[in-house]
Amino acid sequence: MIRLFETHRIRQQRELDGMWEFRMDGFEREYRLPVPGCWEQHPDFLQHRGKGTYTKKIFITQAGNVRLAFQGVSHTADVFFDGEKIAHHYNAFTPFSAIVGNVAAGEHEIKVEVDNTFGMHSALHIPNDYYTYGGITRPVALERVPDVYLKRIEFTPRLEKGRWYARTEVFLCNLSAGEKATAVRTELAGVKAVQEVRIPPKTEAAVTFEQAFDGVAPWSHTKPHLYLLNAVLSVDGDEVDDLIERVGFRTVEVRGTKIYLNGEPVYLKGFNRHEDYAVDGCAVSLQHMVQDMDLMQDMHANAVRTCHYPNDDRFLDLCDERGVMVWEENHARGLLLADMQNPNFEGQCEDCIREMIEQHYNHPSIVIWGILNECASETDEGRRMYQKQYAQIKSMDLSRPTTSATCRHFTDKCLDLPDVASFNLYSGWYIDCPIKERSDQEMDWMIKSGAQNKPILVSEFGAAAIYGYRDRSRCKWSEERQADVIRENLEVYLFDDRITGVFVWQFADCRVTEEGEWFATRARCHNNKGVVDEYRRPKMAYDTVKELFANHRNGE
């Protein structure tokens, strides 16, 4: 399942989930592996890093143009159709697609060469505090598209004097060698509109609808009302394609030190969550996504941060449905200046931001775009890169605020750049100190260093514990100490009027890479700071968070 709602009624689409033929470089044996899936779930590749090839035979019943849509391949993919290369893509966490024109009816072969190795070719996937899995890790679909087809939709609502308006942009692509006369019809909440447009050959075009909507219910974290936006494309009077998006009427804005949703201040109470499950790897099943959502909401969370990369559309669909506010960020974590000077860094970040926003623009749950977690924001060159990425986001979306999480305490040079300031601070774990005293130091410095008159979020705090390890001395790595540290932090942060949201690090334990330095400070080769473990078994801290989030009603 690619989305949690029907996206087409005219366009023919079939999902290619299932068993694919697989060969790993350096292994003689042939395998059959599931898609979506991670090859680390097979006993021969439990921690294998390398290159492998997935192959699948498909049968096309009717000649025409074929679109292959990949939601995620980790981390680099080269795609071939009947032996001809049709796509190259880098980054495990963003989607991509390829068109093959004039495909004959009959049997055809799809081959995907997948690479999850580290090296200079990969500036973002590096040895890190989470694991870079290998495989076709998110769903794949095969679509039959006409010569002119609907590429995507951007829906931007706004509220003026109590009335809802929206701008809807529909993007079209003409694959043919001739100009096409087309009409685009949209329908949303009972409001219909049609526009005609002529598209030159081999080009893309867009049509824009500006409309008022009376009687619609807004999307919010307490009442997440959703609507289907249906776009239908006609060519020479015949309906040839369609695209359905699910949208919500809501606004997000920053005023002074608060974040406002539909004009009302909200307080974000949430978790940092990695896409990682013990038996799934990063190819998290829908069932396990739902379980994660159930557990977080049981703890009275109203927000989630997609650390440290764009998430699966299905998880974001769940956030839309349940009113969970999302901080989604691009893929870059803990990079030093030398890492950011990799010649591939800026281009790979630019691609990630573009693909993230284009794919996820219509999710009403996304209320913040984030970049560059814990990167070299204390340097002049780093500041240039932060500025460039914030500018790219603003060029694509002015309807959401921006932020990035810093750990460059007292040295950060970029706090004036985002709309919202955020900091990661592990008082009581890495730093044994009075929580309130250290928090006041951090807040005073941030306000004097560019975050004055801005909302401030505590983007990470927490402590590690091994599931089941109890100790009456409450020593570090015990469940007791983790619960104590989280309680002490929350009792400060939740009641500091200068703070407008907190994100516990982290929801669930996740695997880390053995390469590099991370294994030395991560018992079991896992980041053990989850309030549940990798199997989602709750630790003592689960009830601590549940209690304190429940007692803090601001933003509910």
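Which backbone nitrogen does a side-chain oxygen of T379 reach at the start of helix 5? It is the backbone nitrogen of G382, to within 2.9 Å. The views below show a predicted model, in which local features need pLDDT of at least 70, side-chain atom pairs count only at pLDDT 80 or more, and totals for chains, interfaces and linings use all residues. Residues are numbered from 1 along each chain as its sequence is written, and side-chain values use heavy atoms, with hydrogens and water left out.

**View 1. Helix 5 from end to end.** Helix 5 covers residues 380–396. Helices (H or I, at least four residues) and strands (E, at least two) are DSSP runs, numbered from the N terminus. The expected span of a helix is 1.5 Å times one less than its number of residues.

View 2. G382, M385, Y386, Q389, Y390, Q392, I393 and M396 are buried. Buried means under 20% relative accessible area, exposed over 50%, and partly exposed in between (1.4 Å probe, protein chains only).

View 3. Two strands pair if DSSP finds at least two bridges between them. Strand 15 and strand 16 are joined by nine bridges. In strand 16, K192 stands opposite E187.

**View 4. Strand 18 and its partners.** Strand 18 (residues 227–235) is mostly covered, with eight of its nine residues buried. Six bridges pair it with strand 15 (residues 180–188) in the antiparallel sense. Here A231 of strand 18 stands opposite T186. Nine bridges pair strand 18 with strand 19 (residues 238–247), again antiparallel. L229 has E245 in strand 19 as its bridge partner. Strands 18 and 19 form a hairpin with two residues between them. In the turn, D236 has a positive phi of about 55°.

**View 5. The surroundings of L243.** L243 is found in strand 19. Its relative accessible area is 10%, so L243 is buried. Not counting residues up to four places away in sequence, L243 touches T7, H8, L150, K151, R152, I153, L229, N230 and A231. Contact means heavy atoms within 4.5 Å. The C-alpha atoms of L243 and G52 are separated by 34 Å, with the two residues 191 apart along the chain.

**View 6. The surroundings of Q211.** Q211 lies in strand 17 (residues 204–213). Q211 is buried, with a relative accessible area of 12%. Leaving aside neighbours within four places in sequence, the contacts of Q211 are W164, Y165, A166, T168, T186, V191, K192 and A193.

Conventions
A polar contact is a pair of N or O atoms within 3.5 Å; within protein, one must be able to donate a hydrogen and the other to accept it, and residues adjacent in sequence count only if both atoms are side-chain atoms.
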